[in-house]
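The exercises below are meant to be worked with the sequence and the model side by side. Try each task before reading its solution.

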Amino acid sequence: LTHIRHSEKVFIMKRLLLILILTLSFQSLTRADDISDFEIEGMSIGDSLLDFYSEIEIKKNIFSDYPNSDRYRRFFIIDSKSFETYEGVQVNFKKNDKNYIIQSISGEIKYRDGNIEDCYKLLSVVVSEISKSFPNTKKQSGNDLPKRIDPTGASTFTVTEWYFSSGDSIQAACSDYSKIFKKKRQYDDLAVSLDTNDFIQFIINEAYN
């Protein structure tokens with residue numbers, strides 16, 4: 001029992017630390033006027049992924065999971081020693097871009113215990129802080145929306161997005177995956193994402209259509 005209680009305390013402290021880091025990071029960017037002013041684990045939209053990883057590392061961690069278009073490639077790495085806030089980072093760049101310019105970047109926190117309510121609590125804090133930074137930015141939210149990656153419709157996500165005049169956006173979401181996906185080690189997660197307008201249009205009109 002002592003071991004279990006200690007583990008629970010460690011888990012709670014980690015979550016509190018994540019909330020503190022996220023809160024401070026968004027408070028420090030209250031004057032930011034586009035998403036390139038934001039960083040996720042030191043990386044921003046418009047940066048070259050080569051500034052952070054070698055080409056060998058990039059190619060080793062590229063995944064193809066857009067069924068109807070390969071115009072974008074997805075790089076994903078988890079538990080990097082350099083990460084301070086997130087467990088994993090996903091980056092999207094254009095297929096033939098030799099400079100690997102970041103067009104979309106997401107930081108992810110996994111919920112392996114399946115307690116999606118913990119994710120929603122942290123999401124509420126993140127949404128509140130981003131909203132304070134952009135009080136006049138168009139915002140849109142949705143609950144229990146179907147994830148396109150799951151054709152059965154059993155996996156859902158709850159999301160808030162902020163849209164800039166450029167068409168770029170910031171997104172904060174909790175994904176609640178079905179039991180089938182969890183068996184494939186696709187765990188529930190909280191993700192904070194920065195997306196260019198071109199990548200958003202790719203997801204809407206090409207990737208799954």
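**Exercise 1.** In which sense do strand β4 and strand β8 pair, and over how many bridges?

*Solution.* This is a predicted model, in which local features need pLDDT of at least 70 and side-chain atom pairs count only at pLDDT 80 or more, while totals for chains, interfaces and linings use all residues. Residues are numbered from 1 along each chain as its sequence is written, and side-chain values use heavy atoms, with hydrogens and water left out.

Begin with the elements: helices (H or I, at least four residues) and strands (E, at least two) are DSSP runs numbered from the N terminus, and two strands pair if DSSP finds at least two bridges between them. Strand β4 covers residues 104-111 and strand β8 residues 188-195, and the two pair in the antiparallel sense over 8 bridges. Within this pair, Ser106 stands opposite Ser193 of β8.

**Exercise 2.** Describe the largest pocket and its lining.

*Solution.* On a 1 Å grid over the protein atoms alone, a pocket is an open set of points where a 1.4 Å probe fits, with protein on both sides within 12 Å along at least five of seven lines, and lining residues have an atom within 4 Å of a point. The volume, taken as the space filled by probe spheres set on the points, is about 1,300 Å³ for the largest pocket. Of its 45 lining residues, the closest to the centre are Gln90, Lys147, Gln171, Tyr177 and Tyr208. The largest share of the lining, 6 residues, comes from α5. By class, the lining divides into 18 nonpolar, 15 polar and 12 charged residues, where Ala, Val, Leu, Ile, Met, Phe, Trp, Tyr, Cys and Pro count as nonpolar, Asp, Glu, Lys and Arg as charged, and the others, Gly among them, as polar.

**Exercise 3.** Decide how far residues 1-7 can be read.

*Solution.* The predictor's confidence in each residue, pLDDT, runs from 0 to 100, and its mean for the protein is 83. Over residues 1-7, however, pLDDT stays under 50. Where pLDDT is low, the predicted coordinates should not be read in detail.

Notes
Contact = heavy atoms within 4.5 Å.
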